[in-house]
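Please read this briefing alongside the sequence and the 3D structure shown here.

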Amino acid sequence: MIKNNSNKNIQMQEVIQNMLINQKGRFSINNIIEYPANNYKKLKEKAVECERCSLRQNCKQVVMGEGAVDRKIMFIGEAPGGTEDKEGRPFVGRAGNLLNKIFSAVDIKRENVYISNIVKCRPPDNRKPSLSEAKACSPILQAEFDLVQPKVIVPMGATALQHLLDEGASITESRGEWMQRGNYYFLPTFHPAYLLRNKNMKKYVWQDFKKIKAAVNRLQELNENNKI
Ligand code: SF4
């Protein structure tokens with residue numbers, strides 16, 4: 001019995017170490033690199049110089065997140081793709097165009113949200129970023145969280161969900177369900193790139209974005225009343 005409990009504890013520690021945000025809503029990895037978190041321009045200037053993992057050797061440039069830093073909502077994808085790597089901006093390729101259409105369909109202005117990725121450099125052949133790469137890049141994401149102070153976070157796709165919250169989570173089972181970690185509220189949904197390959201899944205994303213839109217409206221209301 002004691003042995004089982006101790007094994008469970010060890011497993012739990014491993015799980016906690018393998019996700020970026022712990023149950024208390026804190027980054028579980030010590031931010032050993034200092035990034036300016038009170039000024040987007042300075043943060044970006046510093047982040048684009050990063051060579052902290054090997055992804056930088058094979059990409060054209062670091063692709064920082066972008067968008068509104070005062071609306072308390074973040075969308076987080078996996079990694080830049082080819083178009084993003086070329087243009088230096090997140091979600092500007094085919095998946096980004098689809099995301100823009102989804103935003104329009106629910107009347108969310110892209111410029112009113114912050115959009116980023118788990119890692120800021122394009123992985124070779126668009127493979128998924130590894131856990132060690134996600135951890136290496138986490139100080140930049142942490143600085144983005146410090147800057148945006150999000151209340152609502154939308155992990156898009158399995159990679160974002162698993163690296164952020166739970167390496168064993170299934171995006172199919174978790175999408176559309178609110179999850180709370182400390183002061184953060186997460187609503188996972190499918191990645192737009194997945195929707196490009198699986199058009200019949202769009203109906204689920206429509207349901208998710210109706211919830212996200214309601215949260216955006218609520219945040220705006222609280223913001224206008226200086227309650228957040
Ligand atoms: S992926 Fe992140 S940690 Fe790795 S080099 Fe690019 S910016 Fe730095």
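What follows is a short account of these topics.

This is a predicted model, in which local features need pLDDT of at least 70 and side-chain atom pairs count only at pLDDT 80 or more, while totals for chains, interfaces and linings use all residues. Residues are numbered from 1 along each chain as its sequence is written.

- S1 is antiparallel to S3 (residues 114-117), with two bridges between them, and glutamate 66 has isoleucine 115 of S3 as its bridge partner.

**Strand S2**
- S2 (residues 73-77) runs parallel to S4 (residues 152-155), joined by four bridges, and isoleucine 76 has proline 155 of S4 as its bridge partner.
- S2 also pairs in the parallel sense with S3 over four bridges, where methionine 74 is partnered by tyrosine 114 of S3.
- In a regular strand the side chains alternate between the two faces of the sheet.
- From S2, Ile73, Phe75 and Gly77 point one way and Met74 and Ile76 the other, and all are buried (20 or more other C-beta atoms within 10 Å of a residue's own, with C-beta atoms placed from the backbone).

**Ligand surroundings**
- Around the ligand there are 14 residues, of which Cys50, Cys53, Arg56, Cys121 and Cys137 come nearest; a residue is near if its C-beta atom, placed from the backbone, lies within 6 Å.

Methods. Pairing = 2+ DSSP bridges. Buried ≥ 20, exposed ≤ 12 C-beta atoms within 10 Å, placed from the backbone.
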